[in-house]
Amino acid sequence: MTDIKAEHHRPIVAVTGASRGIGHAIVRHFHNNGWEVITLARTPFSEYCPWADGIVRHIKVDLSKTRSVLEATAQLRDMLAERGLNALVNNAGISPKGPSGERMDAVHTPIQTFLDVQHVNLVAPFLLCQELIEPLKQAKGSVVNVSSIAAHQVHPFAGAAYAVSKAGLTALTRELAHELGETGVRVNSVAPGEIETSILSPGTQEIVDTQVPMRRLGRPEEVAEVVHFLASTQSSYVTGSEIPINGGQHI
């Protein structure tokens, strides 16, 4: 009986884009710190992370489609039952490239591509916050949005549509923090720079060598640690803030 009661009182986090890279590291870090994890991704989680099959609960969702997001949030609310949501991590994002893998500039980005990027990177987090606001209020929970260094400066690999979406996500963080402050729900963001994942653009090492004072790539775990800090009670008086995670690249 004690174990069941303890399980019921574990904090709960929902993480989007949790199948690989930074999202994968976030899920591992929260799980290792005793959180109950619910993942939301386009593919079955266990295809990329076999250790988590049966450990975390998964909701399949297409963040590019409003109806899919609304169905996923309804399913998540059902999973929570009477429990609140302690944290929502909006990590999922897409960054399309040109035919040869080149950066897509604003002038030549097809409008449908632009709209798709906005929906996944900005509209979906907006909808998730709207649809999950009640369980977040119930737990006096925390929203952590994963923005990007590209929200603040032109990046040689991240395209214009991606940069616009992440700048919007940073602004949404500020707006929600202002609106929800009195409810006890905190909203913050992180802005990673060059992070070592399975998909790195050619030329990344040159950026690290010339623009990053720490002269190395960041690790996904280093992003996960900051996200966990912002989601936890350790940052109980922090809201409306964005933390750069880029080895000093922004300076």
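Start at the second largest pocket, whose lining has 3 nonpolar, 6 polar and 2 charged residues. Here Ala, Val, Leu, Ile, Met, Phe, Trp, Tyr, Cys and Pro count as nonpolar, Asp, Glu, Lys and Arg as charged, and the others, Gly among them, as polar. This is a predicted model, where local features need pLDDT of at least 70, side-chain atom pairs count only at pLDDT 80 or more, and totals for chains, interfaces and linings use all residues. Residues are numbered from 1 along each chain as its sequence is written, and side-chain values use heavy atoms, without hydrogens and water.

Select Trp35, Asn86, Ala139, Lys140, Gly141, Ser142, Arg186, Ala231, Ser232, Thr233 and Ser236 to show the pocket lining. The pocket volume is about 180 Å³. (On a 1 Å grid over the protein atoms alone, a pocket is an open set of points with protein on both sides within 12 Å along at least five of seven lines; a cavity is a set where a 1.4 Å probe fits but cannot get out; lining residues have an atom within 4 Å of a point. Points are joined across faces, edges and corners, and a volume is the space filled by probe spheres set on them.)

Next, the cavities. There are 2 of 30 Å³ or more.

Finish with Thr16, Leu63, Asn90, Asn91, Ala92, Val120, Ala124, Pro125 and Leu128, around the second largest cavity. That cavity has a volume of about 30 Å³. Color helix H4 (residues 111-131): it gives the most to this lining, 4 residues. (Helices, H or I, at least four residues, are DSSP runs numbered from the N terminus.) By class, the lining has 6 nonpolar, 3 polar and no charged residues.

Methods: Helices (H or I, at least four residues) and strands (E, at least two) are DSSP runs, numbered from the N terminus.
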